[in-house]
Amino acid sequence: MKKRNLVLTVAILGIAAGAAYMTRASWMAGGAATAQGTPRPRVVSVDLAKAERKSVPVDVDAIGTVTPISSVALKSRLETTIVSVHFEDGAKVNEGDLLFMLDARQIDAQIEQAVGVLARDQAQFEGAQRDLRRYTELVGKGATTQVNLDNAKTQSDVLIGTIKADQFALENLRVQKSYTVIRAPFAGRISAANVKVGNFVRPADTQPLAVINQMAPVYVTFAIPQRALVDLRDAMGKGDSKVIATIPGHQRSESGKVAMVENAVDATTGMVTVRGIMNNASETLWPGTIVQTKLIIRSEDAVVVPTVAVQRSQNGNFVFVVKDGVAKVQPVKVDRTFQGSSVISDGLAGDESIVVDGQLLLSEGSRVEQRARKAGA
């Protein structure tokens, strides 16, 4: 039994020695590697960008509404009928363009009547003047009484007043006739005509004949927080304020300046209403349109980095700054964002290389390398 165990043990040792001899190359190489030192640390490929110091606008974003500077609802000032319409619905009109003609035949007849009354009273006045001169001569000769002279003078004065009343009545009728011709009071776009030829109109009608809105320039009205009010007023005093209005979903925009600031802050919202005036020569902004507005108060020198470079942790915002191929964690303070960039108020001086992609694989002291840029990128 003991002899059998001894033979088994010798066999096992022989097999182990043979296996060790067969794999000697691998375990000898591992020992050599260990003797040479530790493996090189991993290098992370990242995208880098420069922190820039440049002039950055201080702005406020808001939602605004386009409103016309002038808007008029055309109504008839007479009770009459429409004779003709001289515009197409929705057309652009210029100041003084003929829009509606109203029936003026009744007023024309009243004017002719007033002209006749004025001529009659002027003839009576001329007769009273002759009587006054005659009685004046007769009184001087003692051929009539002073009473007759006084009565003649009174009649002449009465007719002077009557003629003035006739003249003013005639002028009033001529003004009334001018209401039968309706022209555009200013340039703009007119709505669809609510009445057509033959319709009877009157001053008491609630529906206007048509509406004209001024299209250029226009107002853009929006609200800003009260914290920006002091800076805005300073900018307005220097003439530096600027307003940009953009139609949502489109790249077309119009720029202008601040026209006025409401004289009180809304106590319930803490907002103040601002009105910008836009040139709108191409009629990009249509009255009633909701637009995205940007109020640029001033410009200031600041350090700017891409917003994607800014990371967040429990201790605040930070960026990875790369120097000599090593990434370092640099805490920063973000003042605000502007068109995909973050304005850094503290932590960077400008011209630093910062990581904008690949931060998830980084930690303090990680070695990095710039990714190769693709052709055409």
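This is a predicted model: local features need pLDDT of at least 70, side-chain atom pairs count only at pLDDT 80 or more; totals for chains, interfaces and linings use all residues.
Visitor: Leaving aside neighbours within four places in sequence, which residues is A49 in contact with?
Guide: A49 belongs to strand β1, which covers residues 43-50. Once its neighbours within four places in sequence are set aside, the contacts of A49 are P306, E352, S353, I354 and V356.

Visitor: What distance separates the C-alpha atoms of A49 and A309?
Guide: Along the chain, A49 and A309 are 260 residues apart. In the model, the separation of their C-alpha atoms is 8.6 Å.

Visitor: Are α3 and α4 roughly parallel or roughly antiparallel?
Guide: Helix α3 spans residues 105-141 and helix α4 spans residues 146-178. Their axes come within 8 Å and cross at roughly 160 degrees. Angles over 145 degrees count as roughly antiparallel. Therefore α3 and α4 are roughly antiparallel.

Visitor: How do the residues in the contact of α3 with α4 divide by class?
Guide: The crossing of α3 past α4 is left-handed. By class, the contact of these helices has 18 nonpolar, 12 polar and 7 charged residues.

Visitor: Which strand supplies the largest share of the lining of the largest pocket?
Guide: The largest pocket holds about 220 Å³ of space. Its lining takes at least two residues from each of β2 (52-68), β15 (290-306) and β19 (333-338). The largest share, 4 residues, comes from β2.

Visitor: How many residues of the lining of the largest pocket are charged?
Guide: The lining includes D59, D61, R227, D231, K294 and R336. Also among the lining residues are V58, V60, I297 and F338. By class, the lining has 5 nonpolar residues and 1 polar residue, and the charged residues number 6.

Visitor: Is the peptide bond from A216 to P217 cis or trans?
Guide: P217 sits in the loop between β10 (210-213) and β11 (218-225). For the bond from A216 to P217, omega is near -5 degrees, and the peptide bond is cis.

Visitor: What is the phi of D324?
Guide: D324 is in the loop between β17 (316-323) and β18 (326-331). Although D324 is not a glycine, its phi is positive, at about 55 degrees.

How values were computed:
Residues are numbered from 1 along each chain as its sequence is written. Side-chain values use heavy atoms; hydrogens and water are left out. On a 1 Å grid over the protein atoms alone, a cavity is a set of points where a 1.4 Å probe fits but cannot get out, and a pocket is an open set with protein on both sides within 12 Å along at least five of seven lines; lining residues have an atom within 4 Å of a point. Grid points are joined across faces, edges and corners, and a volume is the space filled by probe spheres set on the points. Ala, Val, Leu, Ile, Met, Phe, Trp, Tyr, Cys and Pro count as nonpolar, Asp, Glu, Lys and Arg as charged, and the others, Gly among them, as polar. Contact means heavy atoms within 4.5 Å. Axes are lines fitted to C-alpha atoms, for helices over the stretch in contact, and angles run from 0 to 180 degrees between N-to-C directions. Angles under 35 degrees count as roughly parallel, over 145 as roughly antiparallel, 65 to 115 as roughly perpendicular and the rest as oblique. A crossing is left-handed if the near helix is turned anticlockwise from the far one by less than a right angle, and right-handed if clockwise.
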